[in-house]
Amino acid sequence: MTPPAHRHTLEIRDLSVHAGETEILSGINADIRCGEVTALVGPNGAGKTTLLLAILGLVPYQGAIRFCRAAEHGEGAPRIGYVPQRLDFDRNAPMKVIDFFALSSQRYPVVFGHSARSRRSAEEILARVGAAQLISRPLGKLSGGELQRILLALALRDNPDILLLDEPVSGVDLSGEVLFCDFLSQIHSESRFSLLLVSHDLSVVSRHADRVICLNRRIICQGGTTEMLTPENLEAMYGSGAHLVSHGPADGRGHLHGRAASGQEEEKGD
Amino acid sequence: MAHSLLDPLFSAMGHLLPFGFAEPLFMKRAILAMLFIAPAAAAAGVPLVHFRMAFFSDAIGHSAFTGVAIGVLLGVHPLLTMVAFGLFVAWAITLVKGRTELSPDTVIGVFFSTVIALGIAVISAQKGLTRNLQAYLYGDLLAVSDTEILWMGLLLVAVGAYLFLAFNKIMLIGVHEGFAKSMGVPVRGLEISFALVVALVVTTAIRAVGILLVTALLVVPAAAARNVARGIVSAFWAAIAIGVLSGLLGIAASYYLDTATGATVVLFAAAFFAITALLKGLSRT
């Protein structure tokens, strides 16, 4: 069988990132293929967020990050959508959801009102993520799950080739998380972007990801999801004695976490 | 030349403001200066508060202390050295902030004390300087010259033009820097240019309300507007309205009460803050 033709690939070759003397990432070689969901897993401080920032060009790095687009799908720089882990903005800021959309889509200052075009595009994309009713709500008053949807909508607005999600379900309750993930896979099956997902939640990873990259400052292993999430690999990543723990409902929709021998749960990002 | 440009404005004000306090020419000058300064300061204050940069603008205000002293020492007009030094400090703070792991308020705190210490050292060595400083410490709106008024008008135009181009991007950076960068916003350039614009507004507004109170002119209207506004549009225009109203009410009240103009203006702004805070409290219950 011939391998499926990919419209584009993101090739990461021999990438390393330093912060002063400290090496945060080294010898990273990985491919992120179009249409696939690639999960990036690893313990705190493994450099997962740093890898996303390098792809976005927001931190300096050595090595190469190449974007290869199949000839029949046009040329040019890739459009990269990014959903950060959390927004640390002032929750009391007078800013509505529509303001937030207009800030990034219209030329003249938002203080003169929202352009018809920016309002229309906000309405369209919000409806697509099932958040049309949030358009006039203050940004600071949204729940974690609602805010994630807004950020996702904004990242999807410009039809990205690649979507980077940093801990999309942190700070979201369990039912919200299941909803968000189901919804994400629905959106993903409609559009053919590649999805790179940082997650601590191995149940999310095993349910949604096609491929897994296990990272701890270097690549521990990468490959198909089921082959990768083995006790041996988890141990190499999280330390000896690591195992999967399950909590939440017993119907298989609960969380699974890689847990280190110390018993410290890996919840927050790096 | 400055006077001939402003003359029509003064005579128009005679018709628009048929009140006792607006009759003397020095009062007309003060009102016109306030009409230029207040909206510029309030407009710059909206992103300033969004960025949590109130302390930064205070540090720039206090750098004027040193700027004025340097001007007197060199025999240059203190206004020029004050603006130049304010711009320099703004640029230096932004540069250092971006290259250290220290928190922004620590960096600003270090600069804040350094510029004041430098100012005091220079002033204490030059005996005649203290009197000269009074006008800068407390502001001297009633003694503002026609040239200064024109300069303030230019400032309003410049701030308006800058915000017209950069407002959206600056507000986006305030929400999430990395997110703004991923949307192609030139974060570093905007941070520095906004810091310089704030420095320009602060050093110009010192003539109106003085070093000690200048931050209030930027921060208080924007803070009061936040109490009642839900979106950017209403927050911005409410800040401008509160800034201009407190300016005019403050000038009028100071005329009749014989109080310091700058302080009276800031008290009116503070009153607006108190009222809007009460309104906010009421709307919650």
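**Ground rules**

I number residues from 1 along each chain as its sequence is written, and chains are lettered from A, with ligands numbered from 1, in the order in which they are written. In this predicted model, local features need pLDDT of at least 70 and side-chain atom pairs count only at pLDDT 80 or more, while totals for chains, interfaces and linings use all residues.

**Entry 1: chain A overall**

I looked up the elements of chain A and found eight helices and 11 strands. Helices (H or I, at least four residues) and strands (E, at least two) are DSSP runs, numbered from the N terminus. Next I checked burial. A residue is buried if 20 or more other C-beta atoms lie within 10 Å of its own, exposed if 12 or fewer, and partly exposed in between, with C-beta atoms placed from the backbone. Of the 270 residues of chain A, 42% are buried. Then I turned to contacts. Two residues are in contact if their C-beta atoms, placed from the backbone, lie within 7 Å. Among the chain A contacts with a separation of 6 or more, 63% join residues 24 or more positions apart.

**Entry 2: where A meets B**

How many residues of chain A are in contact with chain B? I found 24, and they are in contact with 25 residues of chain B. On the chain A side, α1 (48-56), β5 (80-83) and α2 (97-103) each supply at least two residues. The largest share, three residues, comes from α2(A). I sorted this side by class and got 17 nonpolar, four polar and three charged residues. For these classes, Ala, Val, Leu, Ile, Met, Phe, Trp, Tyr, Cys and Pro count as nonpolar, Asp, Glu, Lys and Arg as charged, and the others, Gly among them, as polar.

**Entry 3: helix α1 of chain A**

A:Gly57 follows α1(A), and its phi is positive, near 80 degrees.

A:Arg217 is not a glycine, yet its phi is positive, about 70 degrees. I place A:Arg217 in the loop between β8 (211-215) and β9 (219-224) of chain A. A:Arg217 is buried, because 20 other C-beta atoms lie within 10 Å.

B:Asp258 is not a glycine either, and its positive phi is about 60 degrees. I find B:Asp258 in the loop between α11 (232-257) and α12 (261-284) of chain B. Is B:Asp258 buried or exposed? B:Asp258 is exposed, because it has 8 C-beta neighbours inside 10 Å.

**Entry 4: A:Val129**

A:Val129 lies in the loop between α3 (116-128) and α4 (144-157) of chain A. A:Val129 has 20 C-beta neighbours inside 10 Å, so it counts as buried. Leaving aside neighbours within four places in sequence, I list its contacts as A:Arg149, A:Leu152 and A:Ala153. A:Leu152 is 23 residues away from A:Val129 along the chain, and their C-alpha atoms are separated by 7.9 Å.

**Entry 5: the largest nonpolar core**

A nonpolar core is a set of buried Ala, Val, Leu, Ile, Met, Phe, Trp, Tyr and Cys residues joined through C-beta atoms within 7 Å. The largest one has 170 residues. B:Ala33, B:Val198 and B:Val201 have the most contacts inside it. Which helix gives the most to this core? I found that helix α2 (residues 25-50) of chain B does, with 17 residues.

I followed B:Ala33 further. Not counting residues up to four places away in sequence, B:Ala33 touches B:Leu141, B:Val144, B:Ile149, B:Met152 and B:Ala208.

I also looked up B:Ala205, in helix α9 (residues 187-209) of chain B. B:Ala205 is buried, because it has 30 C-beta neighbours inside 10 Å.
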